[in-house]
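Dear colleague,

I am handing over the structure we spoke of, with the sequence alongside. Please have both open as you read on.

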Amino acid sequence: MVVRHRQIDFASGALVFPGGRVEASDKLLAGGDAHGSFRVAAIRETWEECGVLLAEEGRAPEAEGEFAAMLAARGLMPAISGLAHFAHWITPVDVPKRFDTHFFLAAAPEDQAALHDGHEAVDSVWIRPADALAEGLAGTKKLVFPTRMNLTKLARHDSVAEAFAAARATPVVTVLPEQIGMTPEGRILRLPRAADYGGEEFLAGDPPSM
């Protein structure tokens with residue numbers, strides 16, 4: 001996981017998964033496949049933010065950009081099939097700045113060392129989901145609500161293989177949180193029970209911007 005720069009508008013200073021927006025080149029590298037472009041974006045952002053390259057030998061479709069050029073020079077293509085679709089979250093409708101985010105699982109290559117980019121991400125750490133949750137609860141790490149909920153789901157599994165098996169066997173249900181109340185500790189949000197986060201109503205514990 002990486003720590004976002006404190007001057008970034010969304011989730012500043014928070015411990016998050018590497019990620020970002022889909023670019024035009026991502027869709028080209030995915031051969032025009034819309035869902036594949038999310039996977040390519042996840043792979044590219046992981047490379048850009050923490051230096052981990054999820055690629056395999058092969059010739060990728062032509063596309064512009066530094067990432068595409070790097071792959072072409074090395075005879076590589078994004079390892080799209082190595083990702084497992086894990087979750088899909090959309091920011092609540094009443095939030096001014098909204099996101100439509102897909103989460104994927106990937107096994108880290110054993111011969112690579114992660115290093116944060118120093119710009120968007122100012123720190124990085126390999127951490128067990130349960131430990132990240134514990135640090136968030138203790139206040140030593142900032143966790144935004146979607147990250148906390150996905151860490152909670154990941155913490156059910158004892159291995160990468162187990163997490164992959166569960167993700168590939170379970171259909172992803174889109175989560176569009178609905179605010180149903182407010183407490184001094186923060187908003188109460190309702191999630192679809194079918195999304196399998198262990199219930200329907202949760203204390204978000206973060207500001208309305210998510």
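Predicted model: local features only at pLDDT ≥ 70, side-chain atom pairs only at ≥ 80, totals over all residues.

I begin with helix 2 (residues 34-50) and helix 3 (residues 66-74), whose axes come within 11 Å and cross at roughly 90°. Because angles of 65 to 115 degrees count as roughly perpendicular, helix 2 is described as roughly perpendicular to helix 3. The contact brings Ile43, Arg44 and Trp47 of helix 2 together with Glu66, Phe67 and Met70 of helix 3, and its residues divide into four nonpolar, two charged and no polar.

Helix 6 (residues 160-169) is the next element to look at, with Ala163, Phe164 and Ala167 buried. Seen down the axis of helix 6, these buried residues fall within an arc of 100°, so they line one face of the helix. On the other side of helix 6, Ala161 and Ala169 are exposed. The packing partners of the buried residues are strand 5 (84-90), strand 6 (100-105) and helix 5 (145-154).

Finally, there is an open sheet of three strands in the order 2-1-7, with antiparallel pairing. Strand 2 (15-16) and strand 7 (121-124) are the edge strands, each pairing on one side only. Strand 1 (residues 2-4) runs antiparallel to strand 7 and is joined to strand 7 by three bridges; arginine 4 has alanine 121 in strand 7 as its bridge partner.

With kind regards

Definitions and conventions: Residues numbered from 1 in each chain as written. Heavy atoms only, no water. Buried < 20%, exposed > 50% of the residue type's maximum accessible area, 1.4 Å probe, protein only. Helix = DSSP H or I, 4+ residues; strand = E, 2+ residues; numbered from the N terminus. Arc of directions from axis to C-beta. Contact = heavy atoms within 4.5 Å. Axes fitted to C-alpha atoms, helices over the stretch in contact; angles between N-to-C directions. Parallel < 35°, antiparallel > 145°, perpendicular 65-115°, else oblique. Nonpolar A, V, L, I, M, F, W, Y, C, P; charged D, E, K, R; others polar. Pairing = 2+ DSSP bridges.
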